[in-house]
Every structure is written in structure tokens, then in C-alpha cells.
Amino acid sequence: MKKEPVLTLSTSVNIENVLVFQGGGSLGAYECGVYKTLERHGIKFNVIAGTSIGAVNAAIIVGAKNDNPAQHLEDFWLTVAENVTSSFIPDSIRPSLSVLYAAMYGNRNVFEPNWLFPFEALYYYLTSPYLYDVLPLRNTLNRYIDITKINDSGDKSSGPRLIITATDIQTSESVTFDSRNMNIELEHIISCVGYPFYGISWIQKDGRFLWDGSLQSNTPLREVIDASPKNNKDVYIVNLFPRKHHELPSNMFETWHRARDIIHTDKTSHNVRMSAVISRYIRLLENMYEIIMISSDENAKSRFRESLTSEYHKLVQRRGAIIRNIVRIERSEDTHYLFEDADFSLCSIKHLIKTGEQDAEEALKKSPLFSK
């Protein structure tokens, strides 16, 4: 007797490790610390994704010009850190001074103002659609990213796959750049960081005008699932913006700060719930298939087998990825400062890196994916 094929989810997918970086300006140094810990523990990733500064971090890791991407990433952050605000200045005022300096003079390795002198700033506020150009970032990334290495990562046999996101200004659509399906260029990476609320310029690339991907989603897990719908996933998410804050804001600056956190914090719970629903639906189809195969009615078996198999394979091919586990490494705050993501002072950058390392260690201790 001919044995009927059995549909099984386990034979149709692989498991891939995914690391997702958020956008958050200078807070991206925290992601550097997180990655240092993950690499130190030997955790390898099939996909590294990010938006805004998270896209930059992801690209440096995948395209590192040496064999130690964690150290390479830390070197980048120490390069873009500013030493103009002394470490002897109290912590309570140093971030504000750092932000004020960046607003007036930019950051020599990341962005530069359009004006030649600070008193010209008001004219550009009134007449220009953006205030800062990111040409310095392009020059900096040239020192840290091997584009050839990134594009080689599209091959399954090589390094991690890079997925980064931007936003189309004119259509409001999320735009995904995927090293598996295209050749990534430096302009693709830079196009992910044009944050309009801080006056960072957009980038014109591939016939589109592109802004920061965080305008659509600051945690691009959905884009990863869309780009890789067949493989089950163990996901590590670095959340730069606290989800919980028990104290109510006491002034307008704290109000704006909390609203900003809510806008940009991790919102992937819906993706996880949908993954579970699809998983149950796939297993239901498998069970129906097995029940029908028990039937002695050959016509019914043939009819339903064809219908179920078609539906099953469409679902697996398009939305079959199941999020098996999520490890969240979340940054917390002792103080609530609205412009903390624009503080590039060396002390703050070093503190963020160290905190990211420590928080990642604690998250791994609690994770079922990592046990010794």
C-alpha cells in the first residue's frame, strides 16, 4: 500500500537566531555593550537587523573590517564620542552641555550643521527642510564597514544576513534593505538614520527619498519575519526605551520624554501573538490532513488533500515563521532626560556601553536559550 505523505511543520523550516537593534541616537552605544556580551558568550546570529542607529550598529557588526566585530563596534562608538564636555563636569549638567554643543556645532564624525556660524542657525530653521547633513557619518562608516563583506553575507554559508529599514517620505511605506536579496551600499545604511525631529537630512536613494526607519517601526522584527517567513526564530531584542515608568511626569519635559519612550519602545508583542496563532492554524491543518487520510473515500481524500496541501504550503511559505523564544535586553533609567539620545559625551557613551554589557549578562542568566 502506498504510504500517504504527512505534513509536518518541523521538516519545513529551520531555526535561526535573530538580533534586533532599535534606533535611539547616542543610546545605540548601549547596543554596543549588549553585543559585546553576546559575542563573549559565543552566541552566533543568522540575521542581524536594525533601524536608525541600530542599522549602523548592525552594519558594522556584519561588515566589520577585522575579525572582532564587537571590538570594532566599540571603536566606532569611542570615535563618535565627544570630549568637549569635561569628565569633571557634574553628571547632572554634562548631558545638557553635550546636547547644546551638538545642536550648535554638530558631531565631527556623525553630522554637521548647514550653517557656518551659530548665529545663522535661525535662518536655516526658517528656510531649510533639515538642519544637519550626515556626510561625516558616511566618511566614518567607510573606516569601519567592508561593504563587500556585508553583501557576501547574503550567502547562507557566510556571515549574518543584514536587514535594515528606512521610511519613504512620500508614500509613508517602510523600506527594507536585505543583504540576501540586494547589494547593500553605504547610502542604504545612511538612509536609515535621517531623523526629522532632530533636523537630520533625508537621503535620496534608488529613486526614493528616505527618512529614519523608526518612523514606521523602531523594532523591525516584523520586517525580519516578512523577509524570512519560513524559518522559526529565536529572537534577541535590545530595547533602548523603557516600557514601564511608574512615576507620572511632573512637568512638560518629562511628559514629552515619556511620550517619546512609548512611541519608540518595543511593541513586538503583537508579532509574537500572531506567530502563535499561525502556528496553531498550521498544526490544525496537519491534524485535518491526518484525519482525512484515515478515510476510505479515495475521492474525498484526493479532493481535500489537494486543497489542504495548497493552503498549508502557502501559509508556511508566507507566514510560517514561529517566534519560539524572545530574549529582551532592556535599558533602564535613573534620570529622565528628554534629549538623552543626543548626548555623545565620552562619559555617557562609556557608561552606556558598560550598562549594556551588564544588562545583557543579567538577561542571559534568565533566558531559557542560554544555560550552562
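Modeller: Here's a quick chat about confidence, a helix pair and an aromatic pair.
Modeller: This is a predicted model, so local features need pLDDT of at least 70 and side-chain atom pairs count only at pLDDT 80 or more, while totals for chains, interfaces and linings use all residues. Residues are numbered from 1 along each chain as its sequence is written, and side-chain values use heavy atoms, with hydrogens and water left out.

Biologist: What's the mean pLDDT of the protein chain?
Modeller: The mean is 84, and 78% of the residues reach 70 or more (pLDDT is the predictor's confidence in each residue, from 0 to 100).

Biologist: And where is the pLDDT below 50?
Modeller: Over residues 1-12; beyond near neighbours in sequence, that stretch has 20 contacts in the model (heavy atoms within 4.5 Å). Where pLDDT is low, the predicted coordinates should not be read in detail.

Biologist: Switching to helices: how do the axes of α1 and α3 cross?
Modeller: Helix α1 (residues 28-40) and helix α3 (residues 69-80) have axes that come within 9 Å and cross at roughly 160°. That makes α1 roughly antiparallel to α3 (angles over 145 degrees count as such).

Biologist: Which residues meet there?
Modeller: From α1, G28, A29, C32, Y35, K36 and E39; from α3, P69, A70, L73, E74 and W77.

Biologist: OK, aromatics. How many pairs does a search of the whole structure find?
Modeller: The search finds 13 (ring centres of Phe, Tyr and Trp, its six-membered ring, within 6.5 Å). In one of them, F45 and Y236 have ring centres 5.3 Å apart and planes at 90°, so that pair is edge-to-face (planes over 60 degrees apart).

Biologist: Where do F45 and Y236 lie?
Modeller: F45 lies in the loop between α1 and β2 (47-51) and Y236 in strand β9 (residues 232-239), so the pair ties together parts 191 residues apart in sequence. Helices (H or I, at least four residues) and strands (E, at least two) are DSSP runs, numbered from the N terminus.

Technical notes
Axes are lines fitted to C-alpha atoms, for helices over the stretch in contact, and angles run from 0 to 180 degrees between N-to-C directions. Angles under 35 degrees count as roughly parallel, over 145 as roughly antiparallel, 65 to 115 as roughly perpendicular and the rest as oblique. Rings of Phe, Tyr and Trp (its six-membered ring) pair if their centres lie within 6.5 Å; planes under 30 degrees apart count as stacked, over 60 as edge-to-face and the rest as tilted.
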